[in-house]
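Biologist: I am new to this one. Please show me how to read it.

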Amino acid sequence: AIKFLKDSGVLVQSLSKDVIRNEDKCTHCGLCIVYCPTGALFEDRASRKVIFEEKKCIGCEICVKICPTRAMEVDF
C-alpha cells in the first residue's frame with residue numbers, strides 16, 4: 001500500500017512519537033511500573049525513585065493514561 005502511494009506521487013512520512021517523563025511532575029509513586037509491558041519504567045531500589053529507560057519504551061502510552069500526576073507525556 002505504501003509503495004502504491006509513493007508510486008502515485010503521494011508523500012508518505014512516518015509518524016514519530018516518543019513518551020517522555022516530566023521530571024517536575026513525577027512524584028515517583030510507582031504506579032507506572034506495574035503497567036509498563038517492557039520494563040522501561042522500574043524502581044531504583046537504593047533511591048526508591050522511578051527510573052525511565054527510554055530505549056526500552058515502545059510508545060504504548062499506557063503510562064500516559066494511568067499516571068496520576070500526568071508526568072508521562074507524548075512528544076511528537
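Biologist: How many helices and strands are there in the chain?

Modeller: Helices are DSSP runs of H or I with at least four residues, strands are E runs of at least two, and both are numbered from the N terminus. This chain has 3 helices and 4 strands. Along the sequence they follow α-β-α-β-β-α-β. The model is predicted: local features need pLDDT of at least 70, side-chain atom pairs count only at pLDDT 80 or more, and totals for chains, interfaces and linings use all residues. Residues are numbered from 1 along each chain as its sequence is written, and side-chain values use heavy atoms, without hydrogens and water.

Biologist: What radius of gyration does the chain have?

Modeller: The radius is taken over C-alpha atoms, and the globule rule is 2.2 Å times the number of residues to the power 0.38. A compact globule of 76 residues would be near 11 Å; the chain has 17 Å. Its C-alpha atoms fill a box of roughly 55 × 20 × 15 Å along the principal axes.

Biologist: Which residues touch the most other members of the largest nonpolar core?

Modeller: A nonpolar core is a set of buried Ala, Val, Leu, Ile, Met, Phe, Trp, Tyr and Cys residues joined through side-chain atoms within 4.5 Å. Buried means under 20% relative accessible area (1.4 Å probe, protein chains only). The largest core has 13 residues, and V19, C32, L41, F52, C63, V64 and M72 touch the most other members. Strand 3 (49-52) and helix 3 (62-66) each supply at least two residues of this core.

Biologist: What does V64 touch?

Modeller: Contact means heavy atoms within 4.5 Å. Leaving out residues up to four places away in sequence, V64 touches V19, R70, M72, E73 and V74.

Notes
Buried means under 20% relative accessible area, exposed over 50%, partly exposed in between (1.4 Å probe, protein chains only).
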